[in-house]
Amino acid sequence: MTEEVKAPKKEKIPRQKMPEQPAEVRRHNFDEVPLGYTPELAMKEAERCIQCKDPRCRQGCPVEVDIPAFIKCIKEGDFEGAIRKLWEKNALPAVCGRVCPQEVQCEGLCIVGKKDEPVAIGNLEKFAADYQRLHGRDVLPPKAEPTGKKVAVVGSGPAGLTVAGDLILKGHEVTIFEALHAPGGVLIYGIPEFRLPKAIVAAECRYLERLGVKFEVNAVIGRSETVDELLERFDAVFLGVGAGLPLFLNIPGEHYIGVYSSNEYLTRSNLMKAYEFPKYDTPIVRGKKVATFGGGNVAMDSARTALRLGAEKSYIIYRRGREELPARKEEIHHAEDEGVEFMFLTAPVRFLGTDDGFLTGVECLRMELGEPDASGRRRPVPVPGSEFVVDIDTAVISIGSSANPLLTKSTPGLVLNKWGNIVADPKTGKTMKPRVWAGGDIVTGAATVILAAGAGRIASNSIHDFLTYGW
Amino acid sequence: MFEIVERQELAQGTIISNWVRAPKIAAKAKPGQFVILRANETGERIPLTMADTDPEKGLINIIYMVVGKSTALFKTLQVGDSFLDVIGPLGAATHLEKVGKVICVGGGTGIAVLHPITRGLKNLGNYVYSVIGARSKDLLIMEDRMKAVSDELMICTDDGTYGHKGFVTDKLKETLEKHKDIGLAVCIGPVPMMRACCNVTKEFNVKTLVSLNPIMVDGTGMCGCCRVRVDGKMKFACVDGPEFDGHLVDFDELNLRLRSYLPEEKLSYDAFKTSQGHTCTCGK
C-alpha cells in the first residue's frame, strides 16, 4: 500500500467548491442547497483526477461505476460520454450524485485524497447527470435484444429502480409496482426537495420509462395483489419495499397534536407538498419550536424541513454525543449552518400538552456515556434528578423503523429474521422463496440510498443469470 | 384514472354515493376494507371504507359526507369524471363468522361502512338485528339496502321524524335486553356514537367491533399518522385495523387526534367555497 503517486508536475488545482445557497437564505426556502458546477468548474475539478491504473474509488462504489472513465470524459468536455459511462453502471446518477455518502465510499478511497482533498466525485456525477437532463441530446444507452422474460419489481425506491434499469437494458420486460401514487419511494416521500428535487426523481423515472420500464402506481402488493399472483404472470419478482413501520419513543403523550413520526412529517411535506398548503390540500403543523428526536440523516432532514416551514427554533435532541451521530458530516454541517441547535446527551421522558391535546413541551433527562453497548457505541445512562423541560409545539420522532409486515405476511415461503426483515443471500439477493429476490431496507433494515441501489445491482445480476441460464 | 359511473346525492346533498370503476380493487375487496382516494394533483389522500363492490362490473361504491375541502371537491365530480388515484383494498378485512345472533348498529355515513359487514354476517347464516340512525328522516341513508341484509331493521332519528325518537343506543339496549343470546355487536358511526354503543354493550358483556376513521396519509403503515390506542397499546388503523374491539379503544385519544387540523381544514374549506362561489344549500 505504498504511495507511489507521481504528483503531477503542473500547478496543483484545489478541490473546486460547490456553489450553494447561503445558509441564511436557504433556511427559508425549499430550493436545492447546492447550485451545481458550471461546465468550467466541472472540467477544472475533473483535471484533478490522476486516472489511477488501479482505481480505489471504484472499489468504494456499491454499483462499481467506472469513475475515472466518466471523469476523463468530463475533463475532455465530452459530457455525453460521461453520462453514458455512468449509465453503464448506475440508472440513478442524478440521485446518487446528491445523496450518496461519498466521503465513506468513492471519495473516501480516492488516492488524491491521501495527501490533498479527494476528487469531488459526487459533485461531478451530479454535474454530468444534470447537464444531460438540461442540455443533453435525447440519447439512451443501447438495449439487448428482447428475451421475452418478464420481471416484477415491487417498490420503486433506489433498489427497485436499479433492478429495473439493469434488467431492461438486458432485454427483459420490467414492470414496477408502487404503493404510493408517485414512483420513487423514499426518494420522493422521504428525502426533502432541498436535498433532492422531486423533478429530478421524476426525470430518472422518466428515463427508465423511455427505456421501456412500465410503472404501476397505487399498487399495494400484499393487498391489491399477492406475490404469488405476480409469480403467475412474471418469471421473477424482486421485493424492494423499504423499511416500513415508523418506531415511536414509547413515552407518554405521543398522541398529542404536533407529534409526528419523521416518516409522516416528511411525507406530508415532500410527497404531499404540505409546505405549499393551502395550494396543496394536505396540511402540516407549522411549529415555532420544533424538536426532532434522533441523530441520523432523516433527523437532519426533518430538523431542516422544520426551519423551512417557519420554525424559530429547531432542535435535535439526541441521547448520545456529537461523535456518535450517525448522520453524514455534510448533513450535520448543513443543519448547523442553517441554525439547527443540537442538544446532546438528552433523552425524552414524556410529552406535555394542553387539555385539548396540543403539544406544549417535552420533559427530558440528561445522560452521560457509560460502557460501550452491542453496537460498540458508548451506552447513554440517565443522570438521576436531571429532569428539565423544553418548550416545543412540534415533535418529530426520527429513531428508525421496523419492517412493514403488509407484504411479508401475505407471502408464504418467505423467511424472515427476528426483526421481520426478509432473509436474502447477500451475494445474490435470493430469498428462500423460489423466483423471488429481495434487497434494500426490507432486508437490511434502514440504510442508505446507495446501499439499496447496490443490493439492487446484486439482485439484478442474479435475476439475469436465472432468466438466461436458469440458475 | 378511476371513472365515476354512477352518482347519487343522499341526505339532501350532504352525503354523496359514487360507484367508481376500479376493477382490480373490486375483485379483491372484502367487507371492512377501505380505499384511499385523491381527486387531483394537489389533492389530499382521503381514506373511505367501501360501502359495496361489484366485482363483475369492476365497480366499488363509496359513500361520504361533505365535511371539508376534499369531500367538497369530491362532490363536484360528476358521472364521467374521474378520481386521479384510488388505492386499495387497504386495511384488514372484517373477521366474519357464524355466531348465531348479531346486532349491527350504524349512524350517519357509518351505515355505509356497516352495510357490507352486515351482509357478510347475514350470508353466513347469522340472525341479524340492525339499528340505523340519523339526526332526522331526511338525513337517513341506505334504509332499503340495510333492510335487504337484515332480519330485523330498527330505525332511530334524533328528532323523531322517522322510526324511534332517540339515539341508536336506545334500540341497541332494548334489543340486547330482549335477546340475551346475541353474541356480537358491530357499531359504526361518529366517535361519540361508537363510544356510547360500547358503553351499552359492555354492560351486557357482548363483544363489539368498531371501525375507526383516524386521519391517514399513506394508508400502508409507513407514516404512523393513524395511530390509535387499543388496550393500552399503539396500533396503526391502516394495517392493524380499521376494526378493533370497541371495549379496548381509547376514544378520547381518537377524538383528540381527529381535531389535529381543524384550523387548517377551515381555512382550506372557506377558500374553496369562495373560489366555487357559495352554491350549496346550507343557508349560510
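Reader: Why is Lys30(B) called partly exposed?

Author: Lys30(B) has 16 C-beta neighbours inside 10 Å; a residue is buried if 20 or more other C-beta atoms lie within 10 Å of its own, exposed if 12 or fewer, and partly exposed in between, with C-beta atoms placed from the backbone. The value of 16 falls in between, so Lys30(B) counts as partly exposed. This is a predicted model, in which local features need pLDDT of at least 70, side-chain atom pairs count only at pLDDT 80 or more, and totals for chains, interfaces and linings use all residues. Residues are numbered from 1 along each chain as its sequence is written, while chains are lettered from A and ligands numbered from 1 in the order in which they are written.

Reader: Which residues is Lys30(B) in contact with, leaving aside its neighbours within four places in sequence?

Author: They are Pro89(B) and Ala93(B), where a contact requires that the C-beta atoms of two residues, placed from the backbone, lie within 7 Å. Lys30(B) and Ala93(B) are 63 residues apart in sequence, yet their C-alpha atoms are 5.7 Å apart in space. Lys30(B) itself belongs to the loop between H1 and strand S3 (34–38) of chain B, whereas Pro89(B) lies in strand S8 of chain B; such helices (H or I, at least four residues) and strands (E, at least two) are DSSP runs, numbered from the N terminus.

Reader: What makes strand S14 (residues 207–211) of chain B mostly covered?

Author: Four of the five residues of this strand are buried.

Reader: How do you know in which sense S14(B) pairs with strand S13 (residues 182–188) of chain B, and over how many bridges?

Author: The two strands pair in the parallel sense over four bridges, and DSSP must find at least two bridges between strands for them to count as paired. Across this pairing, Cys187(B) stands opposite Val210(B) in S14(B). S14(B) also pairs with strand S17 (residues 243–245) of chain B, in the antiparallel sense and over three bridges; there the bridge partner of Ser211(B) is Glu243(B) in S17(B).

Reader: What is the handedness of the β-α-β unit made by S13(B), helix H6 (residues 191–204) of chain B and S14(B)?

Author: The unit is right-handed: with the strands pointing away from the viewer, the path from the first strand over the helix to the second runs clockwise.

Reader: How many residues of chain B are in contact with chain A?

Author: 36 residues of chain B are in contact with 29 residues of chain A. S8(B) gives the most to the side of chain B that touches chain A, with six residues. By class, that side has 15 nonpolar, nine polar and 12 charged residues, where Ala, Val, Leu, Ile, Met, Phe, Trp, Tyr, Cys and Pro count as nonpolar, Asp, Glu, Lys and Arg as charged, and the others, Gly among them, as polar.

Reader: Why is Lys273(A) partly exposed?

Author: Lys273(A) has 19 other C-beta atoms within 10 Å, so the residue counts as partly exposed. Its phi is near 55 degrees, a positive value in a residue other than glycine, and Lys273(A) lies in the loop between helix H13 (262–269) and strand S6 (289–293) of chain A.
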